Every structure is written in C-alpha cells, then in structure tokens.
Amino acid sequence: SLTLGIVGLPNVGKSTLFNALTKNDVLAANYPFATIEPNVGVVGVPDERLNALAKIFDSQKIVPAAVSFVDIAGLVRGASTGQGRGNAFLANIREASAICQVIRAFSDPNVVHVDGKVSPADDMETINTELILADLQTLEKAIPRLEKEARMKKDRVPVLEAAKAASAVLDGGTTLYAAGVDVEPLRELSLLTVKPFLYVFNVDEDELGNASFLDELRALVAPAEAVFLDAKIESELIDLPEDEARELLESVGQDEPGLNQLIRVGFRTLGLQTYLTAGPKEARAWTIPIGATAPEAAGVIHSDFQRGFIKAEVVSFEDLTAAGSMQEARSRGRVRMEGKDYVMQDGDVVEFRFNV
Ligand code: GDP
C-alpha cells in the first residue's frame, strides 16, 4: 500500500506525532496488519460522510479508507554521506511513496534543538539538502551508464536527457518535486526528491490561531501543502474522552484534531481519493487514484467486478444526503447510470452492476 514517510531533524516531534497517529487508530479490527512493524502505522482517513451514510442505510459498521505512515528516524546533517544511520535512512525513504517532513516551529527551551536554534527555514533546508545530495549522488553514478546505453539504444536517450536536466535542477538547490519535473522518465532511478512532499509544522499551541505566522511558514514550502499542529496537544487529545478532547480543541481555537487534517492532506498528496459504498452491512470508503474510471474503481472491491463490469449506479454524496434516501434520490433523478469511461469523482456513492 502507499506510505507516507515521516522525516525531520531529531527532536522536532516526529515520534510524538507518530505515536498519536497510530494510537488514534480506529482500524485495528479491519486492518490486522496495522501494528506488524513498530515504525509503520496504518491509520483511518477521517470522513464524516461515512457516519451520514451509515445513518441513511442503517449500516452495522463503518470502514474508512486507510493510509500508512512510516516513522523514518535518523536524518542528521551528513546523512547523504552515510553519517548516523544515513544509508538505512535513505533506503527507508526510497520505499515511501511520499515524504512528510516535520519541522519544528515550537519554542520550548527545554527541548534541545540539534542546531542550537529554532529556525523552520534552516531546518527545511538542512533536510532538503540531504535529500538533494543523495539524488545528486545517484545521478552522478547513473549518468555515465545512461550515456553508454543511449549510444547503443535510441529509446534510452530520453532517460539520459531527463537525468541530466534533473541534475541541473538539483544543483540549483531545488527538489525535483518543487520544480515540477516530469517524473516518468526518471522513475527507474528511484530518486528521493521526485516524491510528493508535504510539510507538518509543529507549532506552539498559542500560534495555532496566528494566521500571519502560519502564512509565513506556508510560504516557505509552497506549492507543497502545509499542515499546522501542536504535537504535544495531539498526543494529549488521544488520551482524552471525547467531550474533554472537544473542550481542549476549543481552548486552542481548533474545530478538529490536527491529525485529521494531516491524514487527509497526506491522502491527497499521495494522489488518492475515495468513493463510497453503503448498505446494511457497512458504510465504506474505497481508495482509488485520482482519475480512476468506474471499472478501475470496481476492481478495488474485487477483480471480478472490474472484469464483468456493466455499469455503475452513481449518486453524489450531497445529492443523496439532500434526498435522505436512495429511493428519494432516484425519484428526484439524481441517480445516474455510468458506463466504463466514467471518471470517478470524490464522494461518489456507488453500486456496481457486473456479470459474474
Ligand atoms: P523526534 O526526535 O523528532 O521523534 O522528537 P520527539 O517526538 O521524541 O520529541 C522530542 C521532544 O520534544 C520530546 O521531549 C517531546 O515531548 C517534545 N515535543 C514534541 N512535540 C512538542 C511540541 O509540540 N511542543 C513542545 N513544547 N514539546 C514537544
């Protein structure tokens, strides 16, 4: 499955965040593999729509979509040259589908900063530099080989050209993701900075409502997405009963846990979206790549559904809830029959028709 790798300098709150994420887990029953590895957590994607569907269909249970996080410890300055656990660290990142970079913006003088001062811009640059250097090394090794191959085989030329162009971008200090480089020809090289990035700023609780402060941080990482939270508050929220958790959130001016936001943004950064199914047994969110067609979506439930696909009966979540029932949505003409070329939209509520 697709995984977000959590990276960041030591002492920025990665473990605090990861522990909160995995404790938050409502998926243990549905995803027994959730706790197989100590540094991997499978977490449910919070989705209020499932509760509404479960009400309409009187569903026995709710099954949210899932996304995995892996806590990749060990990034220090010099990781790209094998310092610390440098190589293991880089291998771990290579396996992640997207990179979730945690950056310290909280001030607590009791928590030592590895570089002696709290500077989100410097920290981001330190980490990005290590990833960029690692990619430059990979390219340095690959380019002479690609040059040889390109002389023998014309179809290797685009890969060589892409590798050279990537090298120039990285030399300029920009990640390939931020530069918007076409990743397709580079895929075989397993570069790190082609992966989608998202940034989590671990801020003091009294800054959570400070829009201008947050905007400054957001500008540092744009066009990548930024999530703001206080990891310490998040880890407290996890242990509180619902009403007390809500009070604590209100006291810091938030209407939902930062973790929820992180999970949703993470899901989106991975290029994923969900469609919904509902019945008396369960209300469920299914994960598909953005742009998936109806038969591809059906295939996520079962390969037979894709093979025997006839059509999809689709109603948008909004139309269904406005109607209050499937029957009423039908009589209002809001339920559509879609064929094999239909591109799924986020929040489609679907029933597939197929041949067995
Ligand atoms: P990691 O090395 O990045 O995994 O960082 P940890 O999660 O182990 O956190 C390092 C230290 O910072 C611990 O003592 C945490 O309790 C503390 N810490 C983490 N997040 C916050 C935060 O949001 N605010 C404050 N004040 N301390 C935090």
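Two housekeeping points come first. Residues are numbered from 1 along each chain as its sequence is written. Because the model is predicted, local features need pLDDT of at least 70 and side-chain atom pairs count only at pLDDT 80 or more, while totals for chains, interfaces and linings use all residues.

**Overall build**

The chain has 13 helices and 12 strands; these are DSSP runs numbered from the N terminus, with helices (H or I) of at least four residues and strands (E) of at least two. Its C-alpha trace spans about 65 × 60 × 40 Å along the principal axes. For 356 residues, a compact globule would have a radius of gyration near 21 Å, and the chain's 23 Å agrees with that. The radius is taken over C-alpha atoms, and the globule rule is 2.2 Å times the number of residues to the power 0.38.

Buried residues make up 38% of the 356 residues. Here, a residue is buried if 20 or more other C-beta atoms lie within 10 Å of its own, exposed if 12 or fewer, and partly exposed in between, with C-beta atoms placed from the backbone. Of the contacts between residues at least 6 apart in sequence, 67% join residues at least 24 apart; a contact means that the two C-beta atoms, placed from the backbone, lie within 7 Å.

**Around the ligand**

What surrounds the ligand? There are 15 residues in the shell, and the closest are Gly 13, Lys 14, Ser 15, Thr 16 and Asp 108. Helix H1 (14-23) and helix H7 (231-238) each supply at least two shell residues, and H1 gives the most, with three. By type, the shell divides into five nonpolar, six polar and four charged residues.

Asn 202 takes us to strand E6 (residues 197-202). Six of its six residues are buried, so E6 is largely enclosed by the rest of the structure. Both faces are covered: Phe 197, Tyr 199 and Phe 201 are buried on one side, and Leu 198, Val 200 and Asn 202 on the other.

| Strands | Sense | Bridges |
|---|---|---|
| E5 (98-104) and E6 | parallel | six |
| E6 and E7 (225-229) | parallel | five |
| E3 and E9 (282-289) | parallel | three |
| E8 (272-278) and E9 | antiparallel | seven |

Asn 202 shows up in two of these pairings: it is the bridge partner of Arg 104, and it stands opposite Leu 229 in E7. E6, helix H6 (residues 211-221) and E7 make a right-handed β-α-β unit, meaning that, with the strands pointing away from the viewer, the path from the first strand over the helix to the second runs clockwise.

Helix H9 (residues 258-269) holds Leu 262, which counts as buried with 27 C-beta neighbours inside 10 Å. Leaving aside residues up to four places away in sequence, Leu 262 touches Val 200, Val 227 and Leu 229. Its C-alpha atom is separated by 9.3 Å from that of Tyr 199, 63 residues apart along the chain.

Elsewhere, Ile 62 has Ala 283 of E9 as its bridge partner, and Leu 272 stands opposite Pro 289. E8 and E9 form a hairpin with three residues between them.

A cis peptide bond joins Ala 222 and Pro 223, with omega about 10 degrees; Pro 223 lies in the loop between H6 and E7.

Which backbone feature marks Asn 11? It has a positive phi of about 70 degrees although it is not a glycine. Asn 11 sits in the loop between strand E1 (3-7) and H1, and is exposed, with 12 other C-beta atoms within 10 Å. Asp 58 is also not a glycine, yet has a positive phi of about 55 degrees. Its place is the loop between helix H2 (48-57) and strand E3 (61-63), and Asp 58 is exposed, with 10 other C-beta atoms within 10 Å.

How values were computed
Near = placed C-beta within 6 Å. Nonpolar A, V, L, I, M, F, W, Y, C, P; charged D, E, K, R; others polar. Pairing = 2+ DSSP bridges.
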